[in-house]
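Welcome, and thanks for taking a look at this one. Please open the sequence and the structure side by side, and then walk through the points below.

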Amino acid sequence: MSFPCAFGQNMEKYDFYDRAAVKTNAFEWLLTIPNAAVEFDVVRTPFRKMSLNLGVKYNWNTYHKSAPAAVFDLFDFRPEFRFYFRTRNLKVSRPWWVMYVGPYASHGTYTFKLSRKGIRGYASGAGISAGYVIPMYEYAKGAIDVELGASVGVQYCTKEVFTHNPEGNYYTKQEEESVGPHVTPFPVLSELKVAFVWRNESIRHQVRIDTG
């Protein structure tokens, strides 16, 4: 299956797999958070690339006969629209690096307890993602790129504070410290990316500078 793209005199056909990419964030794996993402180009020409990126992370609840004293559970789903570009200013970017920027949205749940008190709730957010994609290695069929980026935005969330009772093996909500639905009063760094990306063709060849 192929998709024609035409902008001015630039017309090429790209197969489905030429438009698709799969990736995983190594930084989150270091935090013991399994994650994966897929990306698909919605606009693709030799000089223009726009894509939809869908990512999910899920550190699942493990089964316990009693309430554990330490908990690190997280679920997050985020769609992201990206516009890729190069810059002629070599003080800003290496000539083979490609930059991206675009809006994102996210929704998830969390439960964290690594000390005497824990917090849990849900969080929804929206903001801007930006970063670089750097070619790493090209195979005869396929390539691996490295993605460095971050997402910053506003967040609507709840926060329930609780403590663990070791004798009764249950949690106790701390009403005076818990907060209902609210908007966080400061920008939130919602994601850091050090991701490995598998594509049919390296990003090096996907976005060029139009010198015409």
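**Strand β9 and its partners**

Strand β9 pairs with strand β10 (residues 170-173) through four bridges, and the two run antiparallel. This is a predicted model, with an average pLDDT of 87 for the protein.

**Pairings of β9**
- Facing Y171 of β10 you will find H164.
- Strand β11 (residues 179-183) is joined to β9 by three bridges, again in an antiparallel arrangement; here K159 has V179 of β11 as its bridge partner.
- With strand β12 (residues 188-199), β9 makes eleven bridges in the antiparallel sense, and S151 sits opposite E191 of β12.
- Between strand β8 (residues 117-138) and β9 (residues 143-165) there are 19 bridges, and these strands are antiparallel too.
- One place to check that pairing is S124, whose bridge partner in β9 is Y156.

**The β8-β9 turn**
- Four residues lie between β8 and β9, which form a hairpin.
- Within the turn, G142 has a positive phi of about 115 degrees.

**Around F16**
- F16 belongs to helix α1 (residues 16-19).
- Is F16 buried, exposed or partly exposed? Its relative accessibility is 36%, so F16 counts as partly exposed.
- F16 and F40 are 24 residues apart along the chain, and their C-alpha atoms are separated by 8.6 Å.

**Confidence**
- A pLDDT of at least 70 is reached by 86% of the residues.
- Residues 3-11 stay under 50, and the model gives them 21 contacts beyond four places in sequence.
- Where pLDDT is low, the predicted coordinates should not be read in detail.

Key:
Residues are numbered from 1 along each chain as its sequence is written. This is a predicted model: local features need pLDDT of at least 70, side-chain atom pairs count only at pLDDT 80 or more; totals for chains, interfaces and linings use all residues. Side-chain values use heavy atoms; hydrogens and water are left out. pLDDT is the predictor's confidence in each residue, from 0 to 100. Contact means heavy atoms within 4.5 Å. Buried means under 20% relative accessible area, exposed over 50%, partly exposed in between (1.4 Å probe, protein chains only). Two strands pair if DSSP finds at least two bridges between them.
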